[in-house]
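Subject: Structure for you to look at

Hello,

Here is the structure I said I would pass on. Please open it beside this email and follow along; the notes on what was found come after it.

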Amino acid sequence: MGGTVEVAASDIERAVREADEALRRLDSAREEAAKISRDVIRYSGYSITYLHKGDLEGAARALEECESLTRRLLGVVSPYPELEHSGLVYNAVSEYVEAKIFFTVVTQGRVPSFRDLGVHPVPYLQGLADVVGELRRRALDSVGRGDLEEAKRALYLMESIYVALKGLDYPDAVLPNVRHKVDVARALIDSTKSLLVDVESRERLIRLLSAQQRA
């Protein structure tokens, strides 16, 4: 064995110390990312809830905070690829994407791309898939208000998202959980479509009965 054991022992001590320092920085970033992620998810939920209630100003304020937190999160994890591409970060970013797309669809009739939002394609597609659930809720709320045209527009967008996503053929290792979300979207679309068909059938029957009574 060349050299001295003392030198080798010193090398070991230094190498472990450097590794420990690197892991301490990583762990500190992970803890901060976890806290910010929870805030991102919370404000995403606030924005979506406000939007469903018709409070556009409240939704915009919450979304602005959500977006600021998302930028902060991405800045914290950018030096650490193992965090940047982790489920912890992707989950939070996908929640932001969901809120941002839903807000933009409702207020502008547009859907921003992952480049527009400055996020990775994976959480973007995860968030886009989740928008189907919010559109279903909007469709149901519209039916409750008697606004079938708005419900049909929501259904059309649900189907557009489904058709676009179902053509993606990637394993979960590349695109985690999106295939499952697409299956859920299909079920939501089918149930929403059945509801609208049933409501329209009832309305036609009511109109027919009213016409017969007037005759």
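Does Tyr46 count as buried, partly exposed or exposed? At 38% relative accessibility, Tyr46 counts as partly exposed, because buried means under 20% and exposed means over 50%. Please keep in mind throughout that this is a predicted model.

The aromatic rings

Tyr46 has a partner. Searching the whole structure gives 2 aromatic pairs. One of them joins Tyr43 and Tyr46 in an edge-to-face arrangement, with 5.3 Å from centre to centre and 85° between the planes. Both residues belong to helix α1, which covers residues 5-52, and they are 3 residues apart, about one turn of the helix. Tyr43 is also partly exposed, since its relative accessible area is 25%. Another ring to look at is that of Tyr162: Arg186 lies over its face, 4.7 Å from the ring centre.

The chain as a whole

Now step back to the overall layout. The chain contains 8 helices and 0 strands. Its pattern along the sequence is therefore written α-α-α-α-α-α-α-α. With a radius of gyration of 25 Å, well over the 17 Å that the globule rule gives for 215 residues, the chain is more spread out than a compact globule. Along the principal axes, the C-alpha atoms fill a box of roughly 110 × 35 × 20 Å. Of the 215 residues, 35% are buried. Among contacts with a separation of 6 or more, 69% are between residues 24 or more positions apart.

Helix α4 runs over residues 87-108 and has 22 residues. From its first C-alpha to its last it reaches 30 Å, close to the 32 Å expected at 1.5 Å a residue. Gly109 follows α4, and its phi is positive, near 70°.

Which residues does His52 touch, leaving aside its neighbours within four places in sequence? They are Phe102, Glu134, Arg137, Arg138 and Asp141. His52 is found in helix α1. It is buried because its relative accessible area, 12%, is under the 20% cut-off.

Glu150 is the other one. This residue lies in helix α7, residues 148-166. Its relative accessible area is 15%, so Glu150 is buried as well. The side chain of Glu150 makes a polar contact with the side chain of Arg153, at 2.7 Å. Not counting residues up to four places away in sequence, Glu150 touches Arg138, Ser142 and Arg145.

A loop residue

Finally, find Pro171, in the loop between α7 and α8, where α8 spans 178-214. Is Pro171 buried, partly exposed or exposed? It is partly exposed, because its relative accessible area of 46% falls between the 20% and 50% limits. How far is the C-alpha atom of Pro171 from that of Lys193? The two residues are 22 residues apart along the chain, and their C-alpha atoms are separated by 29 Å.

Regards

Notes: Residues are numbered from 1 along each chain as its sequence is written. This is a predicted model: local features need pLDDT of at least 70, side-chain atom pairs count only at pLDDT 80 or more; totals for chains, interfaces and linings use all residues. Side-chain values use heavy atoms; hydrogens and water are left out. Helices (H or I, at least four residues) and strands (E, at least two) are DSSP runs, numbered from the N terminus. The expected span of a helix is 1.5 Å times one less than its number of residues. Rings of Phe, Tyr and Trp (its six-membered ring) pair if their centres lie within 6.5 Å; planes under 30 degrees apart count as stacked, over 60 as edge-to-face and the rest as tilted. Buried means under 20% relative accessible area, exposed over 50%, partly exposed in between (1.4 Å probe, protein chains only). A charge sits over a ring if NZ of Lys or CZ of Arg is within 6 Å of the ring centre and within 35 degrees of the ring normal. A polar contact is a pair of N or O atoms within 3.5 Å; within protein, one must be able to donate a hydrogen and the other to accept it, and residues adjacent in sequence count only if both atoms are side-chain atoms. Contact means heavy atoms within 4.5 Å. The radius of gyration is taken over C-alpha atoms; the globule rule is 2.2 Å times the number of residues to the power 0.38.
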